[in-house]
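Here is a short briefing on one protein model.

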Amino acid sequence: MSDEKDEDLETLAEAEEPQPPPAKAKQYKKAEPNDARRKKERTPAQIAAFEKCRAKREENRALRKQEREQEAKAKKQEKEVKIVKKAVRIKKKEKLEQAIMESSSDEDSDSEPDIQAVKKYVAKKKQKRKPQRRAPTPPPSPPAQEEEYSEPQQHYFFV
């Protein structure tokens, strides 16, 4: 038992030891004008090259911005075209439904529209939409006599 108590006391003593505080960031001194660590001055050629680089960067930024605006404009126009097409489709469906209801109004209004009336109306619309076709062009004439495939003859030579 005494051995166990001694071990427990040792573990408690180890746990109670103070831990060193975490390391702080080291403070550096700023370079002074006559200090050797001071930054080198840029040459006039370097300054001119940097100015040229800045000008080119601004130009490229403007071009990218212009391209983004053009893409956004094109997408907007495409969406408008799609919306108009969808509106036209919806309007056509409404007209179709209205025509069907008018044709079936003679009959019982509670029943489903007559399938034959719908088919007639759709066929009539198709006739209006179809452009008059020209006479079909004759199919191209078959090529001159084709040679029939025959298997090549095999010859065996024994040496």
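**Briefing**

A search of the whole structure finds 0 aromatic pairs. The model is predicted. Its mean pLDDT is 79.

**Confidence**

- In this protein, 72% of the residues reach a pLDDT of 70 or more.
- Among the elements, helix α2, residues 44-103, has the highest mean pLDDT, at 93.
- Helix α1, residues 2-16, has the lowest, with a mean of 60.
- Where pLDDT is low, predicted coordinates should not be read in detail.

**Ring and charge contacts**

- The aromatic pair count is 0, but a charge does sit over one ring: arginine 42 lies over the face of phenylalanine 50.
- The distance from arginine 42 to the ring centre of phenylalanine 50 is 5.2 Å.

**Salt bridges**

- The count of salt bridges is 2.
- One of them joins the side chains of arginine 54 and glutamate 51.
- The N to O distance between arginine 54 and glutamate 51 is 3.8 Å.
- Arginine 54 and glutamate 51 are about one helical turn apart, because they are separated by 3 residues in helix α2.

**Largest pocket**

- The largest pocket holds about 320 Å³ of space.
- Its lining consists of Arg89, Lys92, Lys93, Lys95, Leu96, Tyr121, Val122, Lys125 and Arg129.
- Helix α2 and helix α3, residues 115-129, each supply at least two residues of that lining.
- Helix α2 gives the largest share, with 5 residues.
- By class, the lining of the largest pocket has 6 charged residues, 3 nonpolar ones and no polar ones.
- The charged residues of the lining include Lys92 and Arg129, while Leu96 and Val122 are among the nonpolar ones.

**To recap**

- Helix α2 has the highest mean pLDDT among the elements, contains arginine 54 and glutamate 51, and supplies the largest share of the pocket lining.

Methods. Residues numbered from 1 in each chain as written. Predicted model: local features only at pLDDT ≥ 70, side-chain atom pairs only at ≥ 80, totals over all residues. Heavy atoms only, no water. pLDDT = per-residue confidence, 0-100. Helix = DSSP H or I, 4+ residues; strand = E, 2+ residues; numbered from the N terminus. Phe/Tyr/Trp six-rings, centres within 6.5 Å; stacked < 30°, edge-to-face > 60°. Lys NZ or Arg CZ within 6 Å of the ring centre and 35° of its normal. 1 Å grid on protein atoms, 1.4 Å probe; cavity = no way out; pocket = protein on both sides within 12 Å on 5 of 7 lines; lining within 4 Å. Points joined across faces, edges and corners; volume = space filled by probe spheres on them. Salt bridge = Lys/Arg side-chain N within 4 Å of Asp/Glu carboxyl O.
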